[in-house]
Structure formats: structure tokens, C-alpha cells
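Dear colleague,

I am handing over the structure below, and after it I set out what turned up when I went through it. Please read the notes with the structure open beside you.

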Amino acid sequence: MKKISLLIVGMVLLGFLNTSGQVTLDCESGNRAIEQGNCWGFGAVTYSNSTSYVISGSWSTKSNSLTNTSPTASWIKTPWMLVGSGNITFRTRLDGNSNGVVSKGIILSYIPYNATNAPNYEGVPVEFYTYSFPSFNNTIRDITAPIPSEIANATNNAYKIRVSFVGTGGNERAYADNFIFPGTYWSNPASGCIPLTLIQDADNDGVADAEDAYPTDPYRAYNSYYPAQNQFGTLAFEDNWPNRADYDFNDVVVNYNMNTVTNANNQIVEIKSVFVARASGASFQNAFALQFNNISPNKIIGVTGNHISPSTIFSLAPNGLEANQNFANCIVFDNFYNVMAHPGIGTGINTVKTAPEVPYDTLRVTVTFIENGTPASGGAITIAQLPASAFNFYIVANQERGREIHLADYEPTYLANTSLFGTGNDNTNPSAGIYYKSTNNLPWGLNILTGFDYPIEIEPINEAYLHFVEWASSSGASYADWYTNQQGYRDESKIY
């Protein structure tokens, strides 16, 4: 749904508000003061019930003698309105009292709202239509003037339309009636006829500026962060799957923040990810990747910001995703040791307290779904089709493409070596929906939404975090906060 908030003020509008999207004036109140009370304006124009000149009904408007070519001499002005599209229509006639050489006509102008021009808040009028009477008898003329494209269907500004009656010579007056202006009445008679609260929408995408994260970009509107704005989660993997090995969960440690950018229709424009490589306690050269579950690769235009080596084990498609996959797979980096350099002392990177600390490396990866309003060849997808739960993070261990290690109960990609399931300590059972867990539910990958302090090298996670096994074996029912720094929860000497 579009997130647009409007302030609607209920009013009783007499004789001119049509709920079908027209602002009308039929003059049948017979009292110009009524229309003025409802925000119409009149300049040297009155009402007349002269049977010789009334155009329809009992009353029509009557101008002063048309002896002035200025559009400010004799005019009718609408209330503030949100202008629609189509044609302005009304009927008019002269009274036929011409003498001498004359010219008579009509000028239409629109007046934009100007918040700094108190008390009437009117901007500079812009003329957009003129009409010259071809003769000076009292024939009724039907006037049709198209709404200018620059103000049609605008929701970010209110306008008035001014109908001016002009002329030179003679004493003729103009009569007019049955005014129809496409649009919505947007004046507030209770507050000096100022406009109602406007939708400020600078990029005209239908999303109010106050709710638009990209108010000047018509192709983007909303951000949706995972885990949350300005918050990083931590992914930590053990790379010896299907074996338990040292079980220290520091072989690939990456912080992440995902921003799914959508347009006014809640279609995904891009996913802007920030990945912070923190540690690798592995001798293996591991890759880190992300599958968008159930999203076809042709839904994506391109990938930028990832780190791929010249001699990579991955085959990439033209759009930057991994080739030959049934779902979209983005390789964030293909070798941790090409992202962060080993300090030259100790095992791995940032896992031994006595070794030099290596500065973190940040990768800003953008996966583009829609570019300049145009989706990929496979068509647009909505944010509902790609929730955060469909972000399937995994590593590829030791440059063996099929040796994928995913978070618990996340399915492997199409290119995984499934023959490893059920070997070593692994208890994967696809028919039961069990993936990458041991017989007592221990995982090989962790996703901690609030961040995570990982164990030092060769210290099992269950000895660093004393309630880890209870949490895992209970499928999360017990000690859901096992990773927090509470008394009796962790052994600080075994945490980096």
C-alpha cells in the first residue's frame, strides 16, 4: 500500500462541489456572497437575473463593461483546488451592445499556491488560454479549455483558476454560467480560505515527502532494513562441516546490514547491503555468498561491490549472479584471504589475541532489480515476495564449490554437493525439512541479529558460551539469550 496521509476537512459546500472530481459554479444561489463565503473570488463581476441575458436557470454572472485588456480588471476566480485533467468548460455570451471598433475576449490563468505570500498565498498567475469573440451579438458560446499538462493531476500543490473578461471600446458586458473545473475542492473556508493540508510530493510518485525516504527520486520511496536501521547482525560459520572439528565458529565472521529499497508500489528496486569482514580463524580459503530464495535470476539486473578474484571458482552470469542456479545467488566474496590479509602471526585473522589485529574490511554490495523505473527481464517483485527470511546466507568451504555450509534448516543451493548430507556429524534430512544440523540440533552457522562476540581460535563455542548447547538442543526454546553477556553465560577468556 502507498503510505500517503491526507488531512480531510469536512465542509458543507453550496452549489459548486461535485464529489465526482469537479468544482462547479452554476450561480443559482443568486447571492454572490454565498460563493465568496465558500472561497470563490469575483472582481468587477456580479450576478444577474435579467431574462434577456441569463444563460441557464435563473442567474448568471455579469461582468463590468469590457473596456480593459488587463486580466485583473474583471474576473472570476475558483477556490483553491487540486487540479485534475481534462477540459474546463463554461458558457458565455455578450449583451450585444457594441458601438464603435471593439474587441472582446476571455483569458484563463492558473495561480499556484505560494506559502510565503500571505494573506492570500497566491503566486504569479500563468496565462494558458485565450478566446476572442468572433462577433459582438448575444449568441451563446460554449468555451472548452484543456487543463495545462504542468498542473494536471498534481498532488503537491494547490491552484486557483482565474477566468478574466477583457476588451476594448464599447459598453458590452459578458455573461457566463455553468462553470466546470476538473479537480477537487481544496480550500478551507473556516481558515480564511487557505488550502487544506497538501501532500508534499516533490517527485510525484504518490508518496508524501514526509514518508518518502527518497523525496526527489521518483523511482525509490522506502527503505526496509534487516536487522534494523543502523544495526548490524553477525554471521558466524564453522567450516569443517559435515564434521564438528574444533567448533569455534570463527572460520568466517561477517557483520551485515541489508537495506531493501522499494518504490511507491512496494516493488524492490535494489538491495543495498553492507558486509563487514571481521575474522577468519580458518586455514581454508572460504567464500561467502547469499541466495535469494525463490527468486529467479532473471529478476535481477546486476550486482556491484562484491569481491571476485580473477581466478575464481565461481562461474558468473552477465548480470553478476552465479551462473547455472535456479535461484538468484550473489557471491559476496570468493576468498576471505583476498579480502583481509593474514597478519603473519598466528592462525587465521583476528582470532588469536596475541596476534596483530587486522582492520575490518567493508564491502558495499548492491543487487539491482529495477533500474530507472524499468525492472529486469523477468519482471518486478514486491517486498512481500522477498522477506528477510528468504536471505539464505552461506559459505563455500576451501574453494570446493559444492561444499556449502548454510544456517540451520536453510536449504542448499542447486549447486551444492548433497552427497555430503548424513555424513560425519551431519543429520540433514530433506524430507523432514532438517538441514545443516547434528543429531542434537547443533548448527554450523549462526545468525545473531544484535551482533556477536565470537570464540578465539580452537575454543569450542559451547565452552565459550555456557548455555549454547541447551539453546541448540531445545531448538531455541531454552536460553534464547545464550549469546548475551550475563553472569554465568560466558567464559570471557575464550572469547575474542
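Please bear in mind throughout that this is a predicted model. I begin with Leu386, which, when residues up to four places away in sequence are not counted, touches Ile268, Ile271, Phe292, Asn293, Ile295, Phe369, Ile381 and Phe391. Leu386 also belongs to the largest nonpolar core, a set of 50 residues in which Phe288, Phe292, Phe369, Leu386 and Phe393 are those with the most contacts inside the core. The elements that give two or more residues to this core are β17 (233-237), β18 (252-262), β19 (268-279), β20 (287-292), β22 (328-333), β23 (361-368) and β26 (391-396). Apart from this core lies another, of 35 residues, among them Leu25, Val83, Phe90 and Tyr129. As general background, nonpolar side chains in soluble globular proteins tend to be buried together.

On the aromatic side, a search of the whole structure gives 37 aromatic pairs. One aromatic cluster is made up of Tyr226, Tyr256, Phe275, Phe288, Phe292, Phe333, Phe336, Tyr337, Phe369, Phe391 and Phe393, and Phe288, Phe292, Phe369 and Phe393 were named above among the residues with the most contacts inside the largest core.

Turning to the cysteines, the structure holds one disulfide, formed by Cys39 and Cys193 with their sulfur atoms 2.0 Å apart. The torsion about this S-S bond is about -85 degrees, so the disulfide is left-handed. Because Cys39 lies in the loop between α1 (32-37) and β3 (41-43), while Cys193 lies in the loop between β14 (187-188) and β15 (194-195), the pair ties together parts that are 154 residues apart in sequence. Cys39 counts as buried, at 7% relative accessibility. Cys27, by contrast, is in no disulfide, and the nearest cysteine sulfur, that of Cys39, is 17 Å away. Cys27 is buried at 1% relative accessibility, and Cys330 is buried with a relative accessible area of 2%.

Finally, I would draw your attention to Lys77, which is found in strand β6 (residues 75-77). With a relative accessible area of 12%, Lys77 is under the 20% cut-off and therefore counts as buried. The side chain of Lys77 makes a polar contact with the side chain of Glu122 at 3.2 Å, and Lys77 also lies over the face of Trp75, at 4.4 Å from the ring centre. Leaving aside neighbours within four places in sequence, Lys77 is in contact with Trp40, Gly41, Ile111, Glu122, Lys160, Ile161 and Arg162.

With best regards

Conventions
Residues are numbered from 1 along each chain as its sequence is written. This is a predicted model: local features need pLDDT of at least 70, side-chain atom pairs count only at pLDDT 80 or more; totals for chains, interfaces and linings use all residues. Side-chain values use heavy atoms; hydrogens and water are left out. Helices (H or I, at least four residues) and strands (E, at least two) are DSSP runs, numbered from the N terminus. Buried means under 20% relative accessible area, exposed over 50%, partly exposed in between (1.4 Å probe, protein chains only). A polar contact is a pair of N or O atoms within 3.5 Å; within protein, one must be able to donate a hydrogen and the other to accept it, and residues adjacent in sequence count only if both atoms are side-chain atoms. Contact means heavy atoms within 4.5 Å. A disulfide is a pair of cysteine sulfur atoms within 2.5 Å. Rings of Phe, Tyr and Trp (its six-membered ring) pair if their centres lie within 6.5 Å; planes under 30 degrees apart count as stacked, over 60 as edge-to-face and the rest as tilted. A charge sits over a ring if NZ of Lys or CZ of Arg is within 6 Å of the ring centre and within 35 degrees of the ring normal. A nonpolar core is a set of buried Ala, Val, Leu, Ile, Met, Phe, Trp, Tyr and Cys residues joined through side-chain atoms within 4.5 Å.
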